[in-house]
Amino acid sequence: MSESPVPVNLAERLGRFTELWTQKKVADLNDYEIKLAKLKGEFVWHRHPETDELFLVLSGRLTIRLRTGDVVLGPGELFVVPRDVEHCPVAEEETAILLVEPAGTLNTGTAGGPLTRPAELLDGAADRL
């Protein structure tokens with residue numbers, strides 16, 4: 001942890017990467033990770049049996065498909081997918097989001113597959129952790 005407090009500038013951190021559907025860890029909160037991601041297109045249907053998942057849209061629009069109906073989010077809106085609820089994020093345009101999940105939560109939950117990736121520490125984020 002750095003000796004002097006330094007805020008995390010989300011716009012600046014988002015400017016450090018271009019990859020889609022990869023989660024970039026920018027901070028820790030107790031046993032949780034604060035992560036940024038850029039999305040475009042459709043992800044996979046998946047669930048997280050052990051935890052809720054918070055999505056906060058920073059820019060763009062995100063549709064979170066649920067088996068019971070869609071939730072559409074714009075900038076400044078958030079939605080918490082309850083634990084063990086199957087969902088599929090979809091972004092028609094490039095969308096930036098902030099996620100809050102327990103440390104070690106896989107992006108594809110129990111679905112697995114080629115898009116499964118652990119969160120990556122964003123270059124320069126180590127000064128905050």
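## Close-up views of selected side chains and backbone angles

**View 1. Trp21, a buried residue, has a relative accessible area of 12%.** The model shown is predicted. The value for Trp21 falls under the 20% cut-off, so the residue counts as buried. Trp21 sits in the loop between helix H1 (10-14) and strand S1 (24-29). Its phi is near 60°, a positive value in a residue other than glycine. Most residues other than glycine have a negative phi.

**View 2. Asp84 also carries a positive phi, although it is not a glycine.** The angle is about 65°. Asp84 belongs to the loop between S6 and S7. With a relative accessible area of 37%, Asp84 is partly exposed. That figure lies between the 20% and 50% limits, so neither "buried" nor "exposed" applies to Asp84.

**View 3. Arg16 and Glu12 form a salt bridge.** Side chains of opposite charge can pair when their charged atoms come close. Here the closest N and O atoms of Arg16 and Glu12 are 2.6 Å apart. The contact is within the 4 Å limit, so the pair qualifies as a salt bridge. Both partners are partly exposed: Arg16 has a relative accessible area of 37%, and Glu12 has 36% relative accessibility. In the model as a whole, the salt-bridge count comes to 12.

**View 4. Arg47 and Glu86 form a salt bridge.** Their closest N and O atoms lie 3.6 Å apart. Arg47 is in the loop between strand S2 (32-42) and strand S3 (53-59), and Glu86 is in the loop between strand S6 (78-81) and strand S7 (87-102), so this pair ties together parts 39 residues apart in sequence. Arg47 is partly exposed, at 28% relative accessibility. Glu86 is partly exposed too, with a relative accessible area of 22%.

**View 5. Salt bridges that share partners join five side chains, those of Lys25, Asp28, Glu33, Lys35 and Glu101, into one network.** Within this view, the side chains of Glu33 and Lys35 meet in a salt bridge. The N to O distance for Glu33 and Lys35 is 3.9 Å. This value is within 4 Å, so the Glu33 and Lys35 pair meets the criterion. Glu33 and Lys35 are both buried.

Terms used:
Residues are numbered from 1 along each chain as its sequence is written. This is a predicted model: local features need pLDDT of at least 70, side-chain atom pairs count only at pLDDT 80 or more; totals for chains, interfaces and linings use all residues. Side-chain values use heavy atoms; hydrogens and water are left out. Buried means under 20% relative accessible area, exposed over 50%, partly exposed in between (1.4 Å probe, protein chains only). Helices (H or I, at least four residues) and strands (E, at least two) are DSSP runs, numbered from the N terminus.
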